[in-house]
Amino acid sequence: MKNIKKQIKELKINASAELDERVNEKFVQALGHKKPAVIRKIMQSRLIRYAAAAGIIGAIWLITQHKEELPQPKATQPAVVSESQNPADMVSIFSLNKAFRDGGLEAVEKRLEKADEAGPKPKQCLSVDEMICELYGC
């Protein structure tokens, strides 16, 4: 057994490029892979790699040089919230957000109190028993 391993290690095979290509094709077919792409063969050239690198660097330079000339997005104005809105608009997310930015939690509480005062009032106050009776029937 040791003799076979020694012979395998010392074994030297000289194969031609044609034989090497045929063996490689058989391996590729057996594994189900495709042949190397044309782009991969083209990119093996050192000159082409340098040209591609120069093109990428040039494109980055152009983008950075003309960045100032690109149109900037316009800032949008926040929606104006008036005090004479209906109660539903007064408690909307936009209205409460603006109130919070303008005066904090106190402004939000005032906005909610104004909405409560301006909102519809019930004609009569119902007790808990009357509400249950109205919901489920008596």
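Reader: Which pattern does the protein chain follow when read along the sequence?

Author: Happy to start there, with the reminder that this is a predicted model. The secondary structure of the protein chain comes to seven helices and zero strands. Read along the sequence, the pattern is therefore written with helix symbols, since helices and strands are taken as DSSP runs numbered from the N terminus. That gives α-α-α-α-α-α-α.

Reader: Where in the protein chain is confidence highest?

Author: Good thing to ask of a prediction! Across the protein chain the mean pLDDT is 77, and 79% of the residues reach 70 or more. Confidence is lowest in helix α3 (residues 38-42), at a mean of 72. At the other end, with a mean of 89, is helix α4 (residues 46-65).

Reader: What share of the 138 residues of the protein chain counts as buried?

Author: Helix α2 (residues 17-31) is hardly covered, with one buried residue among its 15. To count as buried, a residue needs a relative accessible area under 20%. Over the 138 residues of the protein chain, the buried share is 7%.

Reader: Which residue forms a salt bridge with lysine 98?

Author: A search of the whole structure finds one salt bridge. Side chains of opposite charge can pair when their charged atoms come close. The closest N and O atoms are 2.6 Å apart, and the partner is aspartate 102.

Reader: Is aspartate 102 buried or exposed?

Author: Compare each partner with the cut-offs. Lysine 98 has 25% relative accessibility, so this residue counts as partly exposed. For aspartate 102 the value is 56%, and the cut-off for the next class is over 50%. Aspartate 102 therefore counts as exposed.

Reader: What is the accessible area of the nonpolar patch that includes Ile132?

Author: Start with isoleucine 132, which sits in helix α7 (residues 128-136). Its relative accessible area is 43%, so isoleucine 132 is partly exposed. On the surface, Leu126, Val128, Met131, Ile132, Leu135 and Tyr136 form the nonpolar patch. Together they have an accessible area of about 650 Å².

Note on methods. Residues numbered from 1 in each chain as written. Predicted model: local features only at pLDDT ≥ 70, side-chain atom pairs only at ≥ 80, totals over all residues. Heavy atoms only, no water. Salt bridge = Lys/Arg side-chain N within 4 Å of Asp/Glu carboxyl O. Buried < 20%, exposed > 50% of the residue type's maximum accessible area, 1.4 Å probe, protein only. Helix = DSSP H or I, 4+ residues; strand = E, 2+ residues; numbered from the N terminus. Patch = residues over 30% accessible without salt bridge, like charges linked within 9 Å, V, L, I, M, F, W, Y side chains within 5 Å. Areas by Shrake-Rupley, 256 points an atom, 1.4 Å probe, with all protein chains shown as cover. pLDDT = per-residue confidence, 0-100.
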